[in-house]
Amino acid sequence: MLQYLLRRLLIAVPTLLGVSLLIFLAMRVIPGDPLAMISGEGQGTRVLSEEERESARQSLGLDRPLPVQYLDWLGSVARGELGYSFWTKEPIREQVLRRGPISAEIAILAVAISWLIGVPVGLLSAVRRNSWLDNLTRVGVTFFMAIPSFWIGLVMILVTVRVFYWRPPLVADQLWENPSTNLQMVLGPAVALGLGLAAVIARMTRSTALDVLAEDYVRTARAKGLAGRAVTLQHVFRNALLPVITTSGVAMGGLLGGTVATETAFGVPGLGNLLVQALNRRDWTMIQNLVLLYAVIFVVINLLVDLSYGWIDPRIRVG
Amino acid sequence: MASDTSRLFDDLLKGRRSRRDLVKAAAALGLSAAAIADLVAAADARGAPSSQTPATQAEGGTGVESGILRVPEPNPTRGGTLRTAFGVTTTSYDIWQGGTPHVLTHMYNGLIRQNPFDGLQTIIPDLAESWEVSGDVLTYTFRLRQGVTFHDGTPFTAADVVATYSRVISPPSGVISVMKPFFRSVDRVEAIDEATVTFVLREPQADLLQALAAPFNCVYPKQALDANNQDLRTVVVPGTGPFVFGEYRDAERWVMPKNPTYWNPELPYVDGLELIHVAAWSDRGTAILTGQADLSWNVSRETFDQGERSADVARTEVPSVGCYTVIMNTQREPFNDPRVRRAMHLAISRQNLIQAFRTQETIALSRWVSHASALAMPAEQIAALAGYREDKSEDIATAKQLLAEAGHPDGISGLELLAASVPPHAEIMAPAIQDQLKQALNIDAQIRITERAQLVEEETSGNFGLVLDTPTISIADFSAVGNLYFRSDAAQNFGKYANPQFDELLHAADQELDQERRAVILRQIEDVLDQDPPWLLVGWTFHLPMWQAAVKGLNLEARTESVWGRVDTAYLDR
């Protein structure tokens, strides 16, 4: 098991180095000079003279050769410092530590919501196959899979503002500082993201549950007189879970991408919102650190998903 | 009327009439608020004596003569936190190096300021109790308020003013002086004694007092400038202002408690400010409608319209110092021919463009002088001019003739219109302009959408033929606009426009302090720009501030230009 874990971690290193190199180069290759817009935000763009640009470039360390800049960045990542934002001069580490928990909350809540809705709906749909309930569920699943989560978010905001004269708080507090404000802020994006993911989970649950329902051991369980609910929960549910977990793991990647748009739609100050802001500002140091962070999260989630297989299904335990 | 106006002006200059009396008398003569403001500003520029007596109720209760402001209501409510919803990110904490003025200004003062009680139309004392202008209009002398301290307790003196403005005028190596163009004629700033400073000019500058009164005028402590090698981008230094720095979270919020030892004992009325970062205009509007914020300087049109139905919300439209325009690269064919530029200027229907864009922003039918300026031509007069009038038949006929004379009798193809990847630009304004040019003159312009950062880069490097842009400037006076965008050597003259006649007239306007004569010069300038246009100007916009009706003391309804920032006189009447 330990060997497997080490092997997976070793494989992750070149993956992350590749991501870091790609994003570092991409930021320097795509058009748009970060210094072009560095002054006068909120007052219209003020353009720097060539001399001022050179001065700013020098103070940001952008006049050094690319390999030096890259290695310098990797060094700071290894030390856990991450460097400073071009724009705000604020340590990126602090921003990540402040905004990370909010995004994590949204992601965890979204997964929880997706499971709470998706698994029962999928199971019910499978058990009542081709009934009106199944048909209705399939229409709903197709609908929520088709529409992007940020659009659901925008509709949610529109309805709450228009009908209830309420909108989520403008300022985010951490869960441990002010749970009420925090939950009011993160619940909206979590629901918007969770509904889309729930549709994926429901579809996968239905599909695998139908396969399991056709298995011999289910027929045997029924033949020996077990109640329908007991068969569903003890045999169908557990055996249908494995592909659902895999799907959830893969969907986490989409969820990470989804937080970027959904956080922006809700104005939640999470990592996704920070990334959009950094992209608009061409804040290179911020972008490259956040993309690398997303890559690390993706790798870790995939590893956890793989490890969870053994816990759920003893047949595929390693070593 | 002109002789009556001159008499009032003389009275004010010679101290026979106070500003307040002048305003009353001018109003009785039927002068507009804008004209009165000009009269007072011109008199101020000529050194009309200012009151140096402490504020008294005799001043009318608002203390505008002395700068010790108070609201006219007898018992304004004290306490509470004023929450604003707006874009409050900043690239630096140094306002003179690109820091966001409407955020940072709360912690600082300038020498003079715009009067919040008359909609920012007159200039009143701030850290300077009074000022005089020499007869040759080359020396401005400011007498500084005594007993003022920075937030850390350091006394404020003339040395701080000299250090602040000397850095603006002659920035040391590594320091960016973003506001330098506003002080283009200032040769040096000197301390006469601890309480007196002079600004010595190389030549008269008509808009100097307006520049000095704008909210970006933060006087920094000399001590902090010296301690930080003149570069304050990464450090919030103490100011003398009504609020002190509390907390800043990038793209989240600023918290600024009130300054308990503020030099004006009356202000501020609120206990503090919470400036909440809300990037989207519609979100700012919903924040006001749902009571999550008290004030926003600019909201979206649909939320603004919705505000009309709420008794708890107040709102107004304010002329802005930003515009929609297409910059033409005069170094490239066919825009190097003034006849082509003139033809395009004549052919577009501004009324139709304004109508098409109304769901996004309100644009005024305006000429080259912003409608936020007191010297702008009234819209009804503009509507009768060639190029601006609603009936396009004659203009389009002239435009076609001009194109034919320029060698393009069948129109022009192969042009490119660059636009930012902002939906209103890319999806409404750029296609609307493209369509109008095609319909009227058979000019084919392909739209190329690019990100804002890329657009700025292409603009600055001159890599464009036509570019849709939204230039914004901090003060509405045309001298500021002309010297930044149109003068042949202007810093942001991206289209490389060069017209010696324009340069000459602009120089004359820069130096002309008489507002009536200045208005005449500005009309000549506008005529030149209409004949030889550097831009395809669509028009100057309006901002849509909206606030809770409980927010009092700012008199936002009276504002004639969208200069946002100081809220020291605000109180919450809940």
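Reply:
**A salt bridge between two chains**

B:Glu252 and A:Arg99 are joined by a salt bridge through their side chains, with N and O 3.9 Å apart. The term means that a side-chain nitrogen of Lys or Arg lies within 4 Å of a carboxyl oxygen of Asp or Glu. This is a predicted model, in which local features need pLDDT of at least 70, side-chain atom pairs count only at pLDDT 80 or more, and totals for chains, interfaces and linings use all residues. Residues are numbered from 1 along each chain as its sequence is written, chains are lettered from A and ligands numbered from 1 in the order in which they are written, and side-chain values use heavy atoms, leaving out hydrogens and water.

The pair crosses between chains: B:Glu252 sits in the loop between strand 8 (247-249) and strand 9 (253-257) of chain B, while A:Arg99 belongs to helix 4 (residues 92-127) of chain A. Helices (H or I, at least four residues) and strands (E, at least two) are DSSP runs, numbered from the N terminus.

Buried means under 20% relative accessible area, exposed over 50%, and partly exposed in between (1.4 Å probe, protein chains only).

The two residues also belong to a network of salt bridges that links A:Arg98, A:Arg99, A:Asp173, B:Glu247, B:Arg249, B:Glu252, B:Arg253 and B:Glu274. Over all chains, the count comes to 48 salt bridges. One of them joins A:Arg79 to A:Glu81, with the closest N and O atoms 3.3 Å apart. Here A:Arg79 counts as exposed at 54% relative accessibility, and A:Glu81 as partly exposed at 41%. In chain B, the side chains of B:Glu394 and B:Arg389 meet at 3.8 Å, N to O, and B:Glu394 is exposed at 52% relative accessibility.

**The rest of chain B**

Chain B has 18 helices and 20 strands, and buried residues make up 64% of its 574 residues.

Four of its strands form an open antiparallel sheet in the order 4-5-7-6. Strands count as paired if DSSP finds at least two bridges between them. Strand 4 (128-133) and strand 6 (186-193) are the edge strands, each pairing on one side only. Strand 4 is joined to strand 5 (residues 139-144) by 5 bridges, and B:Val133 has B:Tyr140 as its bridge partner there. Helix 5 (residues 158-169) of chain B packs on this sheet, touching strand 5, strand 6 and strand 7 (196-201), and its direction makes about 170° with that of strand 6. Such axes are lines fitted to C-alpha atoms, for helices over the stretch in contact, and angles run from 0 to 180 degrees between N-to-C directions.

The largest nonpolar core has 163 residues, of which B:Phe142, B:Tyr165, B:Phe183, B:Phe199 and B:Phe478 touch the most other members. A nonpolar core is a set of buried Ala, Val, Leu, Ile, Met, Phe, Trp, Tyr and Cys residues joined through side-chain atoms within 4.5 Å. Among the residues that B:Phe183 touches, not counting those up to four places away in sequence, are B:Trp96, B:Tyr165, B:Leu208 and B:Phe216; contact means heavy atoms within 4.5 Å.
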